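Thanks for making the time this morning. I would like to walk you through one structure, so please have the sequence and the model in view while I talk.

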Amino acid sequence: MQTHLTRRGLLLGIPFALSASALSAGLFSQTIPDDLDLALRRSTDASLYTVEIAPVDPSVRLGKMHAWTLGLTDKRGRPVESARIAISGGMPQHGHGLPTAPAVTQTLGEGRFLIEGMKFNMRGWWEIDLTIDGPSGTDAITFNFIL
Amino acid sequence: MRRTLHALPVVAVGAIVLAIGATDPVAWNEEELAVVRSLSLDELPPLPADPSNRVADDPRAVRLGKAFFFDTRFSSNGQVACATCHQPDRQFQDDRALSLGVGRTNRRAMPIAGMAYSPFLFWDGRKDSLWAQALGPLESAVEHGGDRTQYAHVVSAHHAEAYTEVFGPLPRLDTLPPHAGPVSDPIAAAAWGSMDGADQLAVNDVFANIGKAIAAYERTILPPETRFDAWIASAAFPKPGLLTEDEIAGLRLFIGEAGCINCHNGPLLTDNHFHNTGVPAVAGLPDDRGRVAGSAQVLDDPFNCLGPYSDANPVDCTELRFMAPAGEEMLRAFKTPSLRGVASRSPYMHAGQIETLDQVIVHYSAAQRAPEGLSELRPLNLDETQRRYLGAFLASLDPIQ
């Protein structure tokens, strides 16, 4: 029996193979990458700012609405008092976003902001994506958080 | 003799190893045990406050709400009460794929136990409190089929004393039409349109209060203890005892390989969120867009937490204030139901699409494409034995008889 491996067949097969490897590589995998940076104080992608985030109540509970604080400093380490901060995120291994739409609701002073409306509805690896639009320009950062 | 004695410990150790091997092929680690315990009813936190309902925990409101819940006068034909589809001896549901009120609905009735913990109600989350939820079916043409002034008249004629005790005096109703409300019935809708604004607001208050009393009663309906909960509390835990080896094998799949716990988590075994899991559409029913439609409706609902009939300080309406916008992933997303009691309340899914629990497990294992939107599921390819284990575990979530 002869197998017909045509060029067209191979090409058509590529997306399938890619999606299959994406699946096995982690889309629905429960293993969290070993080298995940779990630091909650880091420089933004283009190093315009340093951002530190922390849950107000350190014991974050599954499914419970809660608040975080965000500390923002510029390149020289000076607090940024005014910035537009957008929050999104999700679970990269499950392909879904946050179950809520958190937002900065208060400026606490000295470069600190209050984020309300955070909720995690599954255990596992969550990404928290922040976009900072402040005096030094717009920059972004993704934090990793494991519940 | 001496040789025999020397050999005894070896035999004993061997027997222990065999025993462990037979009952506990892979020991639970601490993290897994913590996850298992997190599903226990003992972990259920106290009832969350409902700031939008000032009588939520008033025992007089509970009694009044219970009377409303079973009163068939709150319907167009005098035959339908909340309890028609939410039957107390049937986990407050009706065993039907599509519920029957005065007509046939397009969805499956949800059980009520523990619903006070859910920030959004209905399969699509189009209501944000138990009291606002209770108002929906009352005005649905196929559920209770009645209207606002009719219900206010029923309260006045049959529940006036208890109502007044909880909410204060009823407004004057004797000049109002017997049937009027913003409903699909054209005569009642026209009558509502011809009422003056102050009368409409007064009737809306009574209508909202009917919901608030029903909600106070529903808050008292909590899930009963199951064999699974008793097993966790037992001395044998996590070894077989009140749960069999097969049921425990199913639990292991549930929290591990099968990933059920991703959405069915916490002591109510639900994340109270919305997911597209590729549940098939039902031929003959209107297109059901799930949470995409529900999230828009709840924002527009005058009876939501931020509306004029809510008792909440707006800052306390956190679920509504921080509700995720309805994006693509909410298309045909439906609420994760609790799995407590699930084995004895077929059929399954939001329109009863799947007849048996075995078929539900097959559905989740196969992960077929969604009829619309994107399913979050990925194929699990569980074999028959694994599916049987999962089914066995789910049956352990039935109430202790």
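Predicted model: local features only at pLDDT ≥ 70, side-chain atom pairs only at ≥ 80, totals over all residues.

Let me begin with a working rule: two residues are in contact if their C-beta atoms, placed from the backbone, lie within 7 Å. By that rule, and leaving aside residues up to four places away in sequence, B:L390 touches B:G250, B:L253, B:F254, B:A258 and B:I361.

Residues are numbered from 1 along each chain as its sequence is written, and chains are lettered from A and ligands numbered from 1 in the order in which they are written.

On confidence, pLDDT is the predictor's confidence in each residue, from 0 to 100, and chain B averages 94, with 94% of its residues scoring at least 70. Residues 1-22 of chain B, however, have a pLDDT below 50, and beyond near neighbours in sequence that stretch makes 0 contacts in the model. For the complex, the predictor gives an ipTM of 0.85 and a pTM of 0.89.

Now to the inside of the model. I call a residue buried if 20 or more other C-beta atoms lie within 10 Å of its own, exposed if 12 or fewer do, and partly exposed in between, with C-beta atoms placed from the backbone. A nonpolar core is then a set of buried Ala, Val, Leu, Ile, Met, Phe, Trp, Tyr and Cys residues joined through C-beta atoms within 7 Å. The largest such core has 86 residues, and B:L390 is one of those with the most contacts inside it, a group that also includes B:F207, B:I214 and B:F254. Helices (H or I, at least four residues) and strands (E, at least two) are DSSP runs numbered from the N terminus, and helix α9 of chain B, residues 197-218, gives the most to this core, with 10 residues.

Chain B is divided into domain 1 (23-44 + 224-290 + 331-395) and domain 2 (59-218), with bounds that come from an automatic or database domain assignment. Their C-alpha centres lie 32 Å apart, and 19 residues of domain 1 are in contact with 19 residues of domain 2.

Within chain B, helix α6 (residues 148-158) has several buried residues, among them B:R148, B:Y151, B:H153 and B:V155, and what covers the buried residues of this helix includes α5, α7 and α9 of chain B.

What makes B:A283 count as exposed? B:A283 lies in the loop between β1 (274-275) and α12 (291-300) of chain B, and it counts as exposed because it has 5 C-beta neighbours inside 10 Å. B:A283 and B:E245 are 38 residues apart in sequence, yet 41 Å apart in space, C-alpha to C-alpha.

Finally, chain A, which has 1 helix and 9 strands, with buried residues making up 23% of its 147 residues. The contact between the chains takes 21 residues from chain A and 16 residues from chain B; on the chain A side, α1 (7-27), β5 (96-97) and β7 (112-118) each supply at least two residues.
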